[in-house]
Structures are given as C-alpha cells and as structure tokens.
Amino acid sequence: MSKPILIVGSGLAGITVAREFLKLAPDQDVLIVTADDGGFYSKPSLSTALAAGKQPAQLMLTPADVLARQTGVRILPHVRVERIDTAAAAIDTSAGRLEYERLVLATGARQIRLPLSGDGVADILAVNSLDDYAEFRRKLEGCRAVAIIGAGLIGCEFANDLRRGGYEVAVHDVAPRLLARLLPPRASAFLQARLEEEGVQFRFCSELAAVHREDGGYRLTDRAGASTRADLVLSAVGLAPAMELAQAAGIATRRGIVVDRLLRTSAPGVFALGDCAEVEGHLLPYVQPIMLAARALARTLAGTPTAVAYPAMPVTVKTPACAAVLCPPPQGRSGTWQESVGPQGARAVHCCGDGGETLGFALLGDAAGERQQLAAQLPAWL
Ligand SMILES: Cc1cc2nc3c(=O)[nH]c(=O)nc-3n(C[C@H](O)[C@H](O)[C@H](O)COP(=O)(O)OP(=O)(O)OC[C@H]3O[C@@H](n4cnc5c(N)ncnc54)[C@H](O)[C@@H]3O)c2cc1C
C-alpha cells in the first residue's frame, strides 16, 4: 500500500497545505495528525470575539468531519506526535507508528512563559488555540478585573476586546510603551491614548516578579514591589516556534525549524511551514505569509517545485479604538522613523537614508487609509 503525505498539525498552515495540495492532486492520500480536534477556525478572531458577541463554539468554521468530506483529507484528531524517525520515514504517535511518503511539519508555536514566582503562576492563561480560548471564556465568567501581561499586538487586541466586553483591564509591560518593537514613540503614544480613552489602563516599565492567589483572584507584584489585584491573568508575551520534535530528530533548527524557499528542512522528504518554520532566516507568524507558503508547498508536493516569495505584508492591529496598520522593514534592513502626528491620526514611515527608500510604516487612525499607497512602495521581504 502507498504511504500518505503526512501533515503534523491542523492549524492554518497544516489545513491550508492539505486543501491546496488536494486541489492539485485529488487522488493522493493526505493524512493530518493533530493534537487538537482537527477542525478549522480563524485564530485571529480569538482576540475580537468577546465584543463581537461570539461564543467559542461559534468560532469553529469547518469541523474536522466536514473538512474531511469536502477535501478528501484524512484526519487523526487528538493524537500527539512523539518522535520522528527520518531514517525509517515514520513517526511515533500516541496512537502508534505511522509511515510517510513525505512529512510536513506544521506544529505552530507555543506561548512563552515568564519566569515568575508565586502560587498563582500555574493559573495564568494564554490563548493560542480555540481550546485555550474556550477555557479563557469559562474562567472569565464572574470576573471583573483582568490583568494582561504584554502590550504587544495580541495584548493590545485582547485589552480592547475585554474593555468593550465590559471588563476592567490593566496591561503590564516591562517596556516603557506599547508595541515598542513595532512603533516609534509618538505613534505608540497615539495608540495608547486611544486605548486609554476606552478605559484600558497601562502599567509600563513594570517587570512582574510574582503572581499569588488572593481572595479568589490574584495579586501581581513587580520587581519594584508595586502590586495590583486582578480576577484573572492573561499572558500575551509572545510565541516561540514549536520545534522540539524536529530538534530531537536531528533536523536543523535555529529560531525556528530551518527551511529553504521550497520549505525543505535539512531532512530529505521533510518540509515545514507556518509559525514553527524559519524561512531563509525569517520568522513570519502571520496569516498572509502562511497562505503564500502553503500554496507554494502544495505545488512543490504536487511535482512543480515552487519557491515561496514574500512581498511586504502589512498587519492590521484589531483594536477598534483606533485603526492601526503596521508593516515592519524587511529583516536586516533598518533606517529611521519619520513621524507626523495629528489629532485624528499618526503616520510613521521607516526610511533608509536621507529621504531615501521607504522600508516600512505604521499608520494609525485616519492615516490608515494610506495603507495601499505606501505598501506599493515597499521592497519585498523575500
Ligand atoms: C489571538 C491571536 C490573534 C492573531 N491575529 C492575527 C491577525 O490578525 N493577523 C495575522 O496575520 N495573524 C494573526 N495571528 C497569528 C496567526 O493566527 C498564526 O500565525 C497562525 O494561525 C499560525 O498557524 P499555524 O498552523 O502555523 O500554527 P497553529 O495554529 O499553532 O497550529 C499548530 C498545530 O500543530 C499541532 N501540534 C503541535 N505539536 C504537535 C504534536 N507534537 N503532535 C500533534 N499535533 C501537534 C497543534 O495541535 C495545532 O493543530 C494571531 C494569533 C493569535 C494567537
């Protein structure tokens, strides 16, 4: 019997590559092995669902059985891959050994955990899947005050969503301002002011040291000794590629699983894409690069080797308090920010040299309308 193309993971990356490949090669055997239930949902909607009045179950777009019927993919849900044996072209899973013809790693990323002390640390929630989100919403019931750790993209989106959902929200960050790695100072202050107008509180330059249980909630204490109380603590301090399986199998990893533009790892017949992959030095944990990678890989698997190419890809920050579109400069390129801030918007353009090439931008409020025009001037990322 022929062996399947085996995909580990049923996130956007795993499911999209299966769908796209089966469009090109409908008679091929494709098997997705996944630790979750194998259904397709939109992860970006997790940080906007509360204010949209959506329950977690309503976020499932295509349950696994429907996906299997629609596309012809086979799905093994709730099965954990424990080991890859590249020499035998097989994987060991919680449901036994499976052989593959080619293997695609789409294992995503894991939430980074801060080194905090205290008996409340184990209760800190992080949301990186629909299951995580369902747990978060269950625990939110009966709460009033939520502390968010991390004023990055996801932290700001959850802050805005929770505030609109009627919760008190305080965002803690060790940095002196929000989105400190993506925005220059005045643009950062503009977005902060819009979120504060909605009632979000920020505690910057606050390095958390401990989270203790207290009166049915939590006390958060920073290294300077300042402390605050919350009913629930949500961590949004970033993600790290899930590459343990690849590492243990001797597949090359750096910041992620190392792949070339054909999405090939260092092991023959093994590919990687999505949040787990580092494509020629780039970690791009966003929807659009994953879609491009999945389409390219599908063609490669179907017999037409196709290198992935990345244009500059702006990311929308889903903060209804303030429209925000960010496009960081390509990796390895840097210049200076030119900012102009008015009452209704902030425009920051990242330029190389004096009045030189536009490398990236951040557009807030009214200025977000310039997205298309500026994006057209940017150099490709890869
Ligand atoms: C709250 C939130 C909001 C976001 N908003 C945006 C946005 O607005 N725009 C944007 O571009 N991006 C956004 N992103 C990022 C984007 O959603 C992700 O980059 C993308 O969904 C990642 O898909 P993935 O398939 O690579 O990984 P994942 O979705 O993490 O999937 C990984 C899969 O691998 C499986 N898996 C892992 N290890 C194993 C194992 N050992 N055995 C079996 N299965 C395993 C998991 O069960 C899962 O099915 C957001 C992310 C979050 C968390």
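Around the ligand lie 30 residues, of which Asp36, Val81, Asp275, Val287 and Lys318 come nearest; a residue is near a molecule if one of its heavy atoms lies within 4 Å of it. The model is predicted, so that local features need pLDDT of at least 70 and side-chain atom pairs count only at pLDDT 80 or more, while totals for chains, interfaces and linings use all residues. Residues are numbered from 1 along each chain as its sequence is written, and side-chain values use heavy atoms, with hydrogens and water left out.

The shell around the ligand consists of 16 nonpolar, 9 polar and 5 charged residues. In this division Ala, Val, Leu, Ile, Met, Phe, Trp, Tyr, Cys and Pro count as nonpolar, Asp, Glu, Lys and Arg as charged, and the others, Gly among them, as polar. At least two residues of the shell come from each of helix H1 (12-24), H4 and helix H7 (287-301). Helices (H or I, at least four residues) and strands (E, at least two) are DSSP runs numbered from the N terminus.

Polar contacts are pairs of N or O atoms within 3.5 Å; within protein, one atom must be able to donate a hydrogen and the other to accept it, and residues adjacent in sequence count only if both atoms are side-chain atoms. An oxygen atom of the ligand lies 2.9 Å from a polar backbone atom of Ala13, and a ligand oxygen atom is 2.9 Å from a polar backbone atom of Pro285. A nitrogen atom of the ligand is 3.3 Å from an N or O atom in the side chain of Arg80. On its own the ligand has 1,000 Å² of accessible area, and the protein covers 91% of this (Shrake-Rupley method, 1.4 Å probe; for residues, only the protein chains shown count as cover).

The protein chain is divided into domain 1 (5-44 + 58-110 + 239-301), domain 2 (113-235) and domain 3 (323-375), with bounds from an automatic or database domain assignment. The centres of domain 1 and domain 2, taken over C-alpha atoms, are separated by 31 Å. Their contact (heavy atoms within 4.5 Å) takes 8 residues from domain 1 and 6 residues from domain 2. Domain 1 and domain 2 each contribute at least three residues to the shell around the ligand.

Glu157 is part of helix H4 (residues 153-164). With a relative accessible area of 3%, Glu157 is buried (under 20%; exposed is over 50% and partly exposed in between, with a 1.4 Å probe and protein chains only). Its side chain makes a polar contact of 2.7 Å with the side chain of Ser47. Not counting residues up to four places away in sequence, Glu157 touches Ser47, Thr316, Val317, Lys318 and Thr319.

Arg83, in strand S6 (residues 81-85), counts as partly exposed at 42% relative accessibility. Arg83 and Ala248 are 165 residues apart in sequence, with a C-alpha to C-alpha distance of 7.5 Å. Beyond four places in sequence, Arg83 touches Ala90, Ile91, Asp92, Arg97 and Leu245.

His350 is found in strand S25 (residues 345-351) and is buried, with a relative accessible area of 7%. The His350 side chain reaches the backbone nitrogen of Gly335 at 3.1 Å and makes a polar contact with the side chain of Trp337 at 3.5 Å. Residues touched by His350, not counting those up to four places away in sequence, include Pro329, Gly335, Trp337, Glu357 and Phe361.
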